Amino acid sequence: MNKKKFSWSVVLSLALLGFSRSVGWALNKGLSFPLLSSYTQSAFVKGTILAVEGFIGLFIPVLLGYYSDTLKSRHGRRRPFIMIGGILAGIAAMMMYTAYAMGVPLWGFALTLAFFYLSMHLYTAQFRALMPDTIESGQRGKASGVITLLEWAGNLFLFGLAGYLIAKAVAETGESEGIKALAQTPYLKIPYIITAAFLIGAALFVYFIVREPEAPEIEENESLTAYLKSIVENRDFLKFYAAQTLWWMSFEFIAIFLYGILAYILHGSASEENVKAVTSLGLYLMALFNITVLLGALPGGLIYDKLGRRLSIILGGLIFALPQLWGWFIDTQTEIVIALGIAGIGWGILMAASYPVIGDLLTRYEKEAFTGRYYGFFEATRSLPVLLAGIVGGAIVDLAGENYRVLFPIGAILVLLAMPMIWHMKNLEVHTTELE
C-alpha cells in the first residue's frame, strides 16, 4: 500500500464517530440495568439480557468486517456500513425509550435492546478499520490517543447528562430513588433523543464528508475459513486476542454490575430499591471513571509510539488491576471513588495502547488490505467478554449469595493473567523501517 500522510481531519472525523458510538454504549450501560431492575431483581436474568450485546458482537463484526475488505463500491468499503448502522442505531435508541415508556413486558424491552446491539455492531469493525486504513504505522499511537480521548468523552457526556437529569427529577418529584424519579418526568426521553441525534448525525457526516483512501488490490484473498484459521495459527494475533478478551471481561464485570456493586457495598443488598437509590451515584461514578480514562488515554497513545508497545500495555493493565484487588476490602463511598479513579487512568492507557496493535501487526505481516476482518475479530474479542461477564458474572454473584463485591478480585486476576501473553508477543514492537 502507498505511504499514507497523517491527516488530523481524518483523525478528528473518526474521533467524532467514536464519540457518538460511545454516547450510545454509555446510554446502554447507564440506564439499561436500572430499567431492567423494574422488571426483575435477578442478577442472572439482567446479566443475560445485557449479555446479548456480546453474543451479537461475537459474530456480526467478524462477518461484516470480512465482507467490507472486498467490497467494491464507489461509496467506499467502510462508509456504507457506517451510514446504515448509524441510522438504524439512532432509530433503535428511540425504540428503547418508547418500549419502556409504553410499559411493554420484559421480553419486549429485551428485544429493543437486542435491535440496538445489532445496529451498533453493523459498523463496529468498519469504524475500527478506518484508522489503520488511513494512518501510517508509527503514528497510530498518536491517532489512537485522540480517538480514545473522544470516545471516552462520549461516555462522560452521557453519564454526566443522565446524572444531571436524575438530580433535577429528584428535586422536582421528591422521589428518593433516582431512576424512578426520572421515569416520572419527561426528562427520561432526553438522553435517548440526544443519543439518536449523535448516532445518526455522526454516521451521515462521515459518509458525506470523509473520503476513504483507494482500496488496495487484494491478490490472494483469504476465505473466511482461512482467515479464521490464520488467526489461530499466528501466535502473536492469538496471544493479543486472548489477552484482550481477559481484560475486557474484567472491565465488563464492573460496567455491567456497577449498580449492584454499589448497592451491595453501601446498603448491604442489591434489591430493586437499593439499586434505584444508587443510580444517580452510579452515573456520577461512571462520569468520574471516564474523566480519569481521558487523563490516561492521551499519554497512553504517546507512550505507545515513544516508549514501546509492551511497556504501555502492561503499565496500563497493572494500574487498572491493582485497585480491583483493593476492591474486596472497600466498604465506603470515598474508597469506591478513589479505586475507580485510579482504575480509570490505567484503563485509558490500556485502551490507547491496545487499539493500534492489530494495525501494526497487519503491517508487520504485510496484510494491511485485511483491516476489516482482523478488526472484526478484534471487536469479537471485546464482545465475548460482555457475553461471558453478563452470564458468568451474574451466576457468580447469585452463587455467592448476591455478594457483588466478589467481582472485583476476579476481575483483577483476569487482567494479571493477560499481561504475560502481551510480554511474550514476538512482533509487538514497531520496526525502525516502518517509521521511515
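**Exercise 1. Helix 16 and helix 17**

At what angle do helix 16 (residues 357-364) and helix 17 (residues 371-399) pack, and how far apart are their axes? Classify the pair and describe the contact.

Solution. The model used here is a predicted one.

- Step 1: the angle between helix 16 and helix 17 is about 140°, and their axes are 10 Å apart.
- Step 2: angles over 145 degrees would count as roughly antiparallel. Helix 16 is therefore oblique to helix 17.
- Step 3: the crossing in which helix 16 passes helix 17 is right-handed.
- Step 4: helix 16 contributes Ile 358, Gly 359 and Leu 362, which meet Thr 371, Tyr 374, Tyr 375 and Phe 378 of helix 17.
- Step 5: sorted by kind, the residues of this contact are five nonpolar, two polar and no charged.

**Exercise 2. Helix 3 and helix 6**

Describe how helix 3 (residues 52-69) crosses helix 6 (residues 124-134), and name the residues of helix 3 and helix 6 that meet.

Solution. 

- Step 1: the two axes come within 8 Å and cross at roughly 50°.
- Step 2: an angle under 35 degrees would count as roughly parallel, and one from 65 to 115 as roughly perpendicular. Helix 3 and helix 6 are therefore oblique to each other.
- Step 3: helix 3 passes helix 6 in a right-handed crossing.
- Step 4: on the helix 3 side the contact holds Pro 61, Leu 64, Gly 65 and Ser 68, and on the helix 6 side Thr 124, Ala 125 and Gln 126.
- Step 5: these residues divide into three nonpolar, four polar and no charged.
- Step 6: for the spacing along a helix, recall that an α-helix has 3.6 residues a turn, so residues three or four places apart point the same way.

**Exercise 3. Burial in helix 6**

How many residues of helix 6 are buried, and what does Gln 126 touch?

Solution. 

- Step 1: eleven of the eleven residues of helix 6 are buried, so the helix is mostly covered.
- Step 2: among these buried residues are Arg 128 and Asp 133, together with Phe 127, Leu 130 and Met 131.
- Step 3: Gln 126 belongs to helix 6. Its relative accessibility is 1%, so Gln 126 counts as buried.
- Step 4: not counting residues up to four places away in sequence, Gln 126 touches Leu 64, Gly 65, Ser 68, Arg 78, Phe 81 and Ile 82.

**Exercise 4. Asn 155 and Leu 322**

Is Asn 155 buried or exposed? Is Leu 322 buried or exposed?

Solution. 

- Step 1: Asn 155 lies in helix 7 (residues 140-173), and Leu 322 is placed in helix 14 (residues 309-327).
- Step 2: the relative accessible area of Asn 155 is 9%, so Asn 155 is buried.
- Step 3: apart from neighbours within four places in sequence, Asn 155 is in contact with Ser 22, Ala 26 and Asn 290.
- Step 4: Leu 322 has a relative accessible area of 52%, so Leu 322 is exposed.

**Exercise 5. The largest nonpolar core**

Which residues touch the most other members of the largest nonpolar core?

Solution. 

- Step 1: the core has 134 residues, and those touching the most other members are Trp 247 and Trp 347.
- Step 2: helix 11 (residues 235-267) supplies the largest share of this core, 20 residues.
- Step 3: leaving aside neighbours within four places in sequence, Trp 347 has contacts that include Trp 152, Trp 247, Trp 248, Phe 251 and Phe 289.

Notes. Residues are numbered from 1 along each chain as its sequence is written. This is a predicted model: local features need pLDDT of at least 70, side-chain atom pairs count only at pLDDT 80 or more; totals for chains, interfaces and linings use all residues. Side-chain values use heavy atoms; hydrogens and water are left out. Axes are lines fitted to C-alpha atoms, for helices over the stretch in contact, and angles run from 0 to 180 degrees between N-to-C directions. Helices (H or I, at least four residues) and strands (E, at least two) are DSSP runs, numbered from the N terminus. A crossing is left-handed if the near helix is turned anticlockwise from the far one by less than a right angle, and right-handed if clockwise. Contact means heavy atoms within 4.5 Å. Ala, Val, Leu, Ile, Met, Phe, Trp, Tyr, Cys and Pro count as nonpolar, Asp, Glu, Lys and Arg as charged, and the others, Gly among them, as polar. A nonpolar core is a set of buried Ala, Val, Leu, Ile, Met, Phe, Trp, Tyr and Cys residues joined through side-chain atoms within 4.5 Å. Buried means under 20% relative accessible area, exposed over 50%, partly exposed in between (1.4 Å probe, protein chains only).
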